[in-house]
Amino acid sequence: MSELRHASDTDPKDKSDAKNLFDALGRFEFLLGMIIWHDILFAVNKVSKMLQSSTMCIDSALKQIKGITEYFEKYRDDGFSSSLTIAKGIATEMGIDPVFPIKRRGKRKRQFGESDCQEEILEAKKAFRVKYFNVLVDMAITSLNDRFNELMVFKDIFGFLLSSGTLKSLSDNELEECCTKFAETFSLNGSSDVEVYDLISELKIMRFTLPNGVMSAMEIFGHVKEVDCYPNIFIAYRILFTVPVTVASAERSFSKLKLLKNYLRSTMTQERLNGLATLCIEKKLLDEIDIDPIISDFASRNVRRNF
């Protein structure tokens, strides 16, 4: 930017735009804002990658969301001072004056009946924290709560299945209430996916047969699948694991369509498109399949006859 605005062969309008952009990027406020954005986006990116895992379940997702929400709440109290210290160090190295610009305030004529007390005027530093930093962090916290509010509803339904510690801590009455709520949620026209009384009985027995130590929902599901004597619990955990935590898998599936359905394949049938999309989406399973017998079988069915 500096070279562009001082170049002799540069258009005057480009020189002016380069100067304005250079001045904006060289302000201490901009530098501090970039540090704040880095802290926020770095934390969000770490949790986002974890939530996009194919093995992520509701229990783990809720823990991650609760953790990053607590991080932002703490960052709202302590993050501004630490970011300010880092910004001052970087500004000193870059030769930028580490001060906030003080904006001029016009005097207003007081009307009859107004109080004589002076209006509270925020300092430039405090104004930046209130109007920029706090607003940014509050928006991040609110977006997290709004985006994953539905998971809290799922927790009320599946909460008793998420860990062995929770399952063992429930009394018989509490367990019956949870099972009844679960059965009512997944019922239609009086028909439920599970037999509620059998589910209660199976859970009461299974609580005493689980291994010692805290087990996650996936580990409990593996135990149920291994012993193969709790059919209603098996169905309940299958329902639990079919609930999507994020829409990352669906978004990846739609992104594959751009690679498959291009202008060179405009006459592709729906059946062929579905088959190619399935192969792309389930690539991990495809890599484990030995395709040589499939190719041989296909070739044997399409042998050209020599006349």
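Colleague: Which residue forms a salt bridge with aspartate 78?
Modeller: This is a predicted model, so every value here is computed from it. The closest N and O atoms of the pair are 3.4 Å apart, and a salt bridge needs them within 4 Å. Aspartate 78's partner is lysine 74.

Colleague: Why are aspartate 78 and lysine 74 separated by about one helical turn?
Modeller: Both residues lie in helix H4. Aspartate 78 and lysine 74 are about one turn apart because their spacing in that helix is four residues.

Colleague: Is lysine 74 buried or exposed?
Modeller: Aspartate 78 is partly exposed, at 40% relative accessible area. Lysine 74 has 55% relative accessibility. The cut-off for exposed is over 50%, so lysine 74 counts as exposed.

Colleague: Which residue meets arginine 76 in a salt bridge?
Modeller: The N to O distance is 2.7 Å. The partner lies in helix H5 and arginine 76 in helix H4, so the bridge ties together parts that are 62 residues apart in sequence.

Colleague: Is arginine 207 buried or exposed?
Modeller: Arginine 207 forms a salt bridge with aspartate 172, with the closest N and O atoms 2.9 Å apart. The pair links helix H9 to helix H8, across 35 residues. Aspartate 172 is partly exposed, at 39%. Arginine 207 has 11% relative accessibility, and under 20% means buried, so arginine 207 is buried.

Colleague: Which residues does leucine 161 touch, not counting residues up to four places away in sequence?
Modeller: Leucine 161 touches Phe182, Leu203, Ala217, Ile220, Ala236, Tyr237 and Leu240.

Colleague: Are the rings of phenylalanine 158 and phenylalanine 182 stacked or edge-to-face?
Modeller: A search of the whole structure finds 14 aromatic pairs. In this one, the ring centres are 5.7 Å apart and the planes stand at 75°. Planes over 60 degrees apart count as edge-to-face, so the pair is edge-to-face.

Colleague: Which helices hold phenylalanine 158 and phenylalanine 182?
Modeller: Both residues are buried. They sit 24 residues apart, and the pair links distant parts of the chain. Phenylalanine 158 is in helix H6 and phenylalanine 182 in helix H8.

Colleague: Which residue's backbone oxygen lies 2.7 Å from a polar atom of the side chain of threonine 69?
Modeller: Threonine 69 is found in helix H4. At 10% relative accessibility, threonine 69 counts as buried. It touches Ile141, Leu144 and Asn145, not counting residues up to four places away in sequence. The backbone oxygen belongs to isoleucine 65.

Definitions and conventions: Residues are numbered from 1 along each chain as its sequence is written. This is a predicted model: local features need pLDDT of at least 70, side-chain atom pairs count only at pLDDT 80 or more; totals for chains, interfaces and linings use all residues. Side-chain values use heavy atoms; hydrogens and water are left out. Contact means heavy atoms within 4.5 Å. Rings of Phe, Tyr and Trp (its six-membered ring) pair if their centres lie within 6.5 Å; planes under 30 degrees apart count as stacked, over 60 as edge-to-face and the rest as tilted. Helices (H or I, at least four residues) and strands (E, at least two) are DSSP runs, numbered from the N terminus. Buried means under 20% relative accessible area, exposed over 50%, partly exposed in between (1.4 Å probe, protein chains only). A polar contact is a pair of N or O atoms within 3.5 Å; within protein, one must be able to donate a hydrogen and the other to accept it, and residues adjacent in sequence count only if both atoms are side-chain atoms. A salt bridge is a side-chain nitrogen of Lys or Arg within 4 Å of a carboxyl oxygen of Asp or Glu.
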